[in-house]
Amino acid sequence: AERGAAQMVVDAIPCASFDDVFAALIGRKVEYAAVPIENTLGGSIHANYDLLLRHHGAVHIVGEHSFRVRHALLAPKGTNKADIQRVMSHPQALAQCDGFIRRNGWERVPAYDTAGSAKMIAEEALRSTAAICSASAAELFGLDILESGIEDDANNFTRFLLLSRSPALPPKEVPCKTTVVFQPSTNEAGILFKALSVFALREIDLCKIESRPGRRVVDGGGAGANGAAADGSVGQADGARAAKRAKAVACRGGESSGSSAAASFEYTFYVDLLAHTSDGKVQNALRHLGEIAPFARVLGCFPAEGILVAVTDEARDAAREQRVSAAAPKRSGVLRVG
C-alpha cells in the first residue's frame with residue numbers, strides 16, 4: 001500500500017465553495033473530492049450533509065480521514081498584537097478559536113476560506129486585521145506569525161470524507177463504516193425510535209446520528225421506497241401520508257384566512273453504522289428501515305478511521321482493462337477549511 005501511494009501523483013485542485021467541489025466531481029473535472037463533514041470543536045458542517053443528500057446516487061463516500069487542525073494568528077509584517085482589532089477566517093475556524101477571540105475582545109469577520117483570509121490581509125495590507133489559518137500561510141503570503149496554537153482545545157480534529165462518482169466497497173475483513181440517510185414516512189410519536197430500532201435489534205453499532213430539516217425527498221426505487229412517478233405525481237400510499245400530514249397541521253391550527261402559514265418541518269436523518277453494507281444483518285436492517293422510511297439510501301461504505309486498503313490483483317487487472325495508468329495524475333477537488 002505504501003509503495004502504491006508513493007507512486008501515485010495527486011493534483012490538488014482548490015475550489016471556492018462546497019458546491020463547486022461537488023460540481024467538479026460530478027462534472028468529471030476531478031476523480032475524487034475531499035470535503036469536511038465535522039469538527040471536534042465546531043461541530044458538523046451541515047452544508048455538506050445537504051449536498052450529500054442533493055447529489056445522492058451521483059456521489060459516493062469511499063473514505064474518511066481525521067486531520068489535526070492547528071491554527072495560528074497571522075498579520076502583516078511589523079504588526080503588533082496590540083494593534084489588532086478584528087480577526088478574519090472561515091466561520092468554522094472562528095468557532096474553533098472562540099475562547100481565544102473572546103479573551104482578546106476582537107471583532108469577527110467571516111471569510112470564505114482560512115488561507116483566503118490571509119491572502120486578503122496581505123494584498124490589502126490590513127494592519128488592524130489578523131487572519132486565523134495555518135502557519136504555512138505566513139510564508140506563502142509574507143505575513144508574521146503573532147501566535148500559534150490558538151485553537152481552544154488541542155483535541156481539534158476535522159473529519160474529511162473522500163468522495164467518488166462510483167462506490168468502492170472495501171474487503172469485508174476491513175473495519176468499515178456505512179453511512180445511511182433516511183426520511184421517516186410520518187412525523188409521529190416514536191417514529192425515530194422505530195427507525196433506529198432496526199439496527200439495535202440486530203446489534204448493529206451506530207457511531208453518529210445527524211438530523212437536518214428540509215423538504216421531503218421524492219425518489220423512486222430502492223428498498224421500501226414509495227417514489228414519485230415520472231410525471232411527478234405521488235402514489236396512493238404517498239397521497240395518504242400527505243393527507244395525514246395535512247390533517248396533523250390542521251389540528252395544530254393550520255393556515256386560516258388572515259393568519260400566517262403554520263411551520264411544517266420535515267427531517268432527514270443521517271446515521272453512521274460500524275458495519276459493512278454487505279453484511280447480512282445490515283441488509284436485513286435496511287429492508288426493515290424501508291418499511292418505516294420510504295426514502296432510505298446508503299451514501300457509502302468505506303474503511304473506518306482512514307484505514308488504507310492495499311490494491312488487489314483484481315483491481316490492478318480491472319485498471320489495465322480500462323487502460324488506466326497507475327502513474328497517471330489523480331485530480332482531487334479539495335476545499336481548504338480549518
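## Burial scale

Buried means under 20% relative accessible area, exposed means over 50%, and partly exposed lies in between. The structure described here is a predicted model. Asp-98 has a relative accessible area of 23%, so it is partly exposed.

## Asp-98 and its two arginines

Asp-98 pairs with Arg-102 in a salt bridge, with the closest N and O atoms 2.8 Å apart. Both residues belong to helix 5 (residues 98–104). They are 4 residues apart, which means a separation of about one helical turn. Arg-102 is exposed, at 62% relative accessibility.

Asp-98 also meets Arg-108 in a salt bridge, at 2.5 Å from N to O. This pair links distant parts of the chain. Asp-98 sits in helix 5, while Arg-108 sits in strand 7 (residues 107–110), 10 residues apart. Arg-108 has a relative accessible area of 32%, so it is partly exposed.

Side chains of opposite charge can pair when their charged atoms come close. The count for the model is 15 salt bridges. One of them joins Lys-208 and Glu-38, at 3.0 Å from N to O. Lys-208 lies in strand 12 (residues 206–214) and Glu-38 in strand 2, 170 residues apart.

Lys-208 has 14% relative accessibility, so it counts as buried. Glu-38 is partly exposed, with a relative accessible area of 22%. Both residues belong to one network of salt bridges that share partners.

## Nonpolar cores

The largest nonpolar core has 25 residues. Phe-22, Leu-52, Ile-61, Leu-161 and Leu-163 have the most contacts inside it. Two helices, helix 2 (18–26) and helix 3 (46–54), each supply at least two residues of this core. Helix 2 gives the most, with 5 residues.

What does Ile-61 touch, not counting residues up to four places away in sequence? Its contacts are Leu-52, Leu-161, Leu-162, Leu-163, Thr-179, Leu-299, Gly-300, Cys-301 and Phe-302. A second, separate core has 18 residues, among them Val-180, Leu-273, Leu-289 and Ala-296.

Methods: Residues numbered from 1 in each chain as written. Predicted model: local features only at pLDDT ≥ 70, side-chain atom pairs only at ≥ 80, totals over all residues. Heavy atoms only, no water. Core = buried A, V, L, I, M, F, W, Y, C linked by side-chain atoms within 4.5 Å. Buried < 20%, exposed > 50% of the residue type's maximum accessible area, 1.4 Å probe, protein only. Contact = heavy atoms within 4.5 Å. Salt bridge = Lys/Arg side-chain N within 4 Å of Asp/Glu carboxyl O.
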